[in-house]
Structure formats: C-alpha cells, structure tokens
Amino acid sequence: MDTAPHPDDIVHIATPAEWAAAQAAGRVAPASLDIEGFVHCSTRAQLPGTLDRWFRGAGPLRILVLDPGRLDAELRWEESHPGALFPHVYGPLPLDAVVAVEEIRQAAG
C-alpha cells in the first residue's frame, strides 16, 4: 500500500441520479461502500481507462473532483491492476470534499 500523496486530481465517477442522491443525502455513498467497504476513485490520468473499462456506453456521467484534505475517511492507494495504484476512500465522501463537478457523456458502446 502506498500512502504517499499523488499530485494528480482524485476523482469519483457518478451517474446523474447518484449525484442527485448524494446532494440530497449530504454525502456520496455509492453501493461499493456497502459491498466492498470503500469508494472507488481514480486519478485524472487513470480516468480514461476507468471510463473505458467500467462505463463504456453509460451515457451522461458526473466526474466529481475531490479535495483529499476534506475527506473524513481514510484514503488508501491500493493496487487494483498489477502495478497500478488507485485511490480508495474507506467511508462516504462529504459534499464539501467535492470541489468541482464535470459533466461528460460516454458514447454508446
């Protein structure tokens, strides 16, 4: 596990419905938190691969840009693919940790 800070943006991908639910709840708590115990995130550099692998053809999405200093839960850098460390947050993301929201549309795949 690498706990060193990484200079790249940390982002979380959400559907418009997930983002709306997070705003209503006051926190981002996707199903992966209950199932796996953490929120999946990527760096900006990892984002294209994550979108291609997991969100191809998903339609409109929201890229939530996070400020790691505003997270209430532990941020761990863990190997998800051989040799690739991904940021995982072990708790919900408070809304004030979301410093920008970008809208993207995935092409039908």
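H88 is found in strand β7 (84–89), where strands (E, at least two residues) and helices (H or I, at least four) are DSSP runs numbered from the N terminus. With a relative accessible area of 6%, H88 is buried, a class that means under 20% relative accessible area, as against exposed for over 50% and partly exposed in between (1.4 Å probe, protein chains only). The model is a predicted one, in which local features need pLDDT of at least 70 and side-chain atom pairs count only at pLDDT 80 or more, while totals for chains, interfaces and linings use all residues. Residues are numbered from 1 along each chain as its sequence is written, and side-chain values use heavy atoms, with hydrogens and water left out.

**Surroundings of H88**

- The side chains of H88 and E78 are joined by a polar contact of 2.6 Å, the term standing for a pair of N or O atoms within 3.5 Å, of which, within protein, one must be able to donate a hydrogen and the other to accept it, and for which residues adjacent in sequence count only if both atoms are side-chain atoms.
- When residues up to four places away in sequence are not counted, H88 touches F38, V39, H40, E74, L75, R76 and E78, contact being defined as heavy atoms within 4.5 Å.

**The aromatic pair F38 and Y90**

- The model holds 1 aromatic pair under a rule by which rings of Phe, Tyr and Trp (its six-membered ring) pair if their centres lie within 6.5 Å, with planes under 30 degrees apart counted as stacked, over 60 as edge-to-face and the rest as tilted.
- The ring centres of F38 and Y90 are 5.3 Å apart and the ring planes stand at 45 degrees, so this pair is tilted.
- Because F38 lies in the loop between α2 (31–36) and β3 (39–40), and Y90 in the loop between β7 and β8 (93–94), the pair ties together parts that are 52 residues apart in sequence.
- F38 is buried, at a relative accessible area of 10%, whereas Y90 is partly exposed, at 27%.
- R76 lies over the face of Y90, at 3.8 Å from the ring centre, where a charge sits over a ring if NZ of Lys or CZ of Arg is within 6 Å of the ring centre and within 35 degrees of the ring normal.

**Helix α3 and its packing**

- In helix α3, which spans residues 47–54, the buried residues are L47, T50 and L51.
- Seen down the axis of α3, these buried residues fall within an arc of 100 degrees, so they line one face of the helix; the arc is that of the directions from the helix axis to the C-beta atoms.
- P48 and R53, on the other side of α3, are exposed.
- The strands against which the buried residues of α3 pack are β1 (10–14), β4 (42–43), β5 (60–66), β7 (84–89) and β9 (98–105).

**Nonpolar cores**

- The largest nonpolar core has 17 residues, of which V28, L64, L66, V89 and L93 touch the most other members; such a core is a set of buried Ala, Val, Leu, Ile, Met, Phe, Trp, Tyr and Cys residues joined through side-chain atoms within 4.5 Å.
- Two or more residues of this core come from each of β1, α1 (16–25) and β5.
- Another core, of 7 residues, lies apart from the largest one and includes I13, L47, L51 and I63.
- L93 touches H12, R27, V28, V39, L66 and L71, with residues up to four places away in sequence not counted.

- T43 lies in strand β4 and, at 7% relative accessibility, counts as buried.
- Leaving aside neighbours within four places in sequence, T43 is in contact with D8, D9, V11, W77 and P87.
- H81 has its place in strand β6, residues 75–81, and counts as partly exposed at 23% relative accessibility.
- With neighbours within four places in sequence left aside, H81 is in contact with R53 and F86.
- A100 lies in strand β9, is partly exposed at 29% relative accessibility and, apart from neighbours within four places in sequence, is in contact with I63, L64 and V65.
- The C-alpha atoms of A100 and D9 are separated by 11 Å, the two residues being 91 residues apart along the chain.
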